[in-house]
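Subject: Handing over the model

Hi there,

Here is the structure I promised to pass on. Could you open it alongside these notes and read them together?

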Amino acid sequence: MVIDLNADLGEGFGIWRLGDDLALLDIVTSANVACGFHAGDPVTIRRTCAAAVDRGVTIGAQVSYRDLAGFGRREMDVEPEELCAEVLYQLAAVDGIARAMGGRVAYVKPHGALYNRVVRDPVQAAALVDAVLDYDATLPVLTLPGSAVHAAAAEAGISTVTEAFADRAYTPSGTLVSRREEGAVIHDPGQVAARAVRMAVEGTVIAVDGSEVSVGARSMCVHGDTPDAVRLARAVRDGLLEAGVAIQSFA
């Protein structure tokens with residue numbers, strides 16, 4: 001059993017700092033680096049990429065809607081060509097900085113509302129995939145099992161990697177519970193670690209209605225912006241290792 005452990009990083013902006021990126025980079029194997037549209041700025045991107053390279057952590061581009069005020073968590077209706085161009089812009093920016101720091105972007109992960117939208121919307125999923133195809137067709141895209149991204153990517157010859165969320169509640173259909181609902185984010189380290197182990201070992205998670213949902217995944221996400229993010233990430237890593245799961249980047 002092998003699983004990647006990823007976290008959303010580089011989400012500060014200007015004088016504002018969000019989360020402890022350096023501590024998380026000592027725990028995770030992949031860093032989803034904010035590209036400046038929902039969070040992040042050139043200096044933050046540069047520092048995050050440099051720190052990831054120093055630690056041997058794989059860098060991914062965490063692309064988003066252009067929604068800095070809403071942290072990329074507000075759904076937007078964006079024309080496919082515009083969305084493709086904006087994803088391409090973000091991907092190129094972070095990859096350029098990563099290469100200057102001695103690394104490179106090795107995968108793409110949508111953020112927030114865009115992540116959830118492309119799970120169910122084949123048009124926006126195709127726009128996301130088109131941007132990856134335009135930039136580098138070898139880059140895999142992180143997404144949920146059953147996502148519309150899988151079909152769009154397969155048609156374009158782009159690979160996908162299925163992802164599970166250790167600290168998020170699931171609906172019976174296998175999607176994430178909206179952050180607007182109570183209990184959408186799980187904060188107890190023991191509970192989060194136990195869910196991560198179950199998802200990695202058994203490929204299932206218990207949804208909010210008590211049903212069992214299949215969530216077979218190669219990568220596990222812990223959010224860097226949640227309270228006690230470092231403690232949660234460490235609990236997940238320790239729990240996986242104790243269960244005999246090897247932690248290794250997919251890219």
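Contact below means heavy atoms within 4.5 Å, and helices (H or I, at least four residues) and strands (E, at least two) are DSSP runs numbered from the N terminus. Please keep in mind that this is a predicted model, in which local features need pLDDT of at least 70, side-chain atom pairs count only at pLDDT 80 or more, and totals for chains, interfaces and linings use all residues. Residues are numbered from 1 along each chain as its sequence is written, and side-chain values use heavy atoms, with hydrogens and water left out.

Let me begin with helices H4 and H5. On the H4 side of their contact are Leu-114, Arg-117, Val-118 and Arg-120, which meet Pro-122, Gln-124, Ala-125 and Leu-128 in H5. By class, five of the residues in this contact are nonpolar, one is polar and two are charged; here Ala, Val, Leu, Ile, Met, Phe, Trp, Tyr, Cys and Pro count as nonpolar, Asp, Glu, Lys and Arg as charged, and the others, Gly among them, as polar. The axes of H4 (residues 112–120) and H5 come within 6 Å and cross at roughly 115°. Those axes are lines fitted to C-alpha atoms, for helices over the stretch in contact, with angles running from 0 to 180 degrees between N-to-C directions. H4 passes H5 in a left-handed crossing (left-handed if the near helix is turned anticlockwise from the far one by less than a right angle, right-handed if clockwise).

H5 also packs against H3. The axes of H3 and H5 (residues 122–135) approach within 8 Å and cross at roughly 40°, so the two helices are oblique to each other. On that scale, angles under 35 degrees are roughly parallel, over 145 roughly antiparallel, 65 to 115 roughly perpendicular, and the rest oblique. The crossing of H3 and H5 is right-handed. From H3, the contact includes Leu-83, Cys-84, Val-87, Leu-88 and Leu-91, and from H5 it includes Val-123, Ala-127, Leu-128, Ala-131 and Tyr-135. In total, the contact of H3 with H5 has 13 nonpolar, one polar and three charged residues.

Leu-88 is partly exposed because its relative accessibility is 27% (buried means under 20% relative accessible area, exposed over 50%, partly exposed in between, with a 1.4 Å probe and protein chains only). Leaving aside neighbours within four places in sequence, Leu-88 is in contact with Ala-131, Asp-134 and Tyr-135.

H3 has another partner in H2. The axes of H2 (residues 42–55) and H3 (residues 80–100) come within 9 Å and cross at roughly 50°, and H2 and H3 are therefore oblique to each other. H2 passes H3 in a right-handed crossing. Pro-42, Ile-45, Arg-46 and Cys-49 in H2 meet Val-94, Ile-97 and Ala-98 in H3. Six residues of this contact are nonpolar, none is polar and one is charged.

Next, the cysteines. A disulfide here is a pair of cysteine sulfur atoms within 2.5 Å, and by this rule the count is zero. Cys-35 is buried, with a relative accessible area of 7%, and Cys-84 is buried at 12%.

Val-108, in strand E4 (residues 105–110), is buried at 0% relative accessibility. Not counting residues up to four places away in sequence, Val-108 touches Ala-61, Val-63, Leu-91, Leu-128, Val-132, Leu-139, Pro-140, Val-141 and Leu-142. Ala-246, in strand E10 (residues 246–247), is partly exposed at 35%.

As for the backbone, Phe-71 has a phi near 55°, a positive value in a residue other than glycine. Most residues other than glycine have a negative phi. Phe-71 lies in the loop between strand E3 (58–63) and H3, and counts as buried at 17% relative accessibility.
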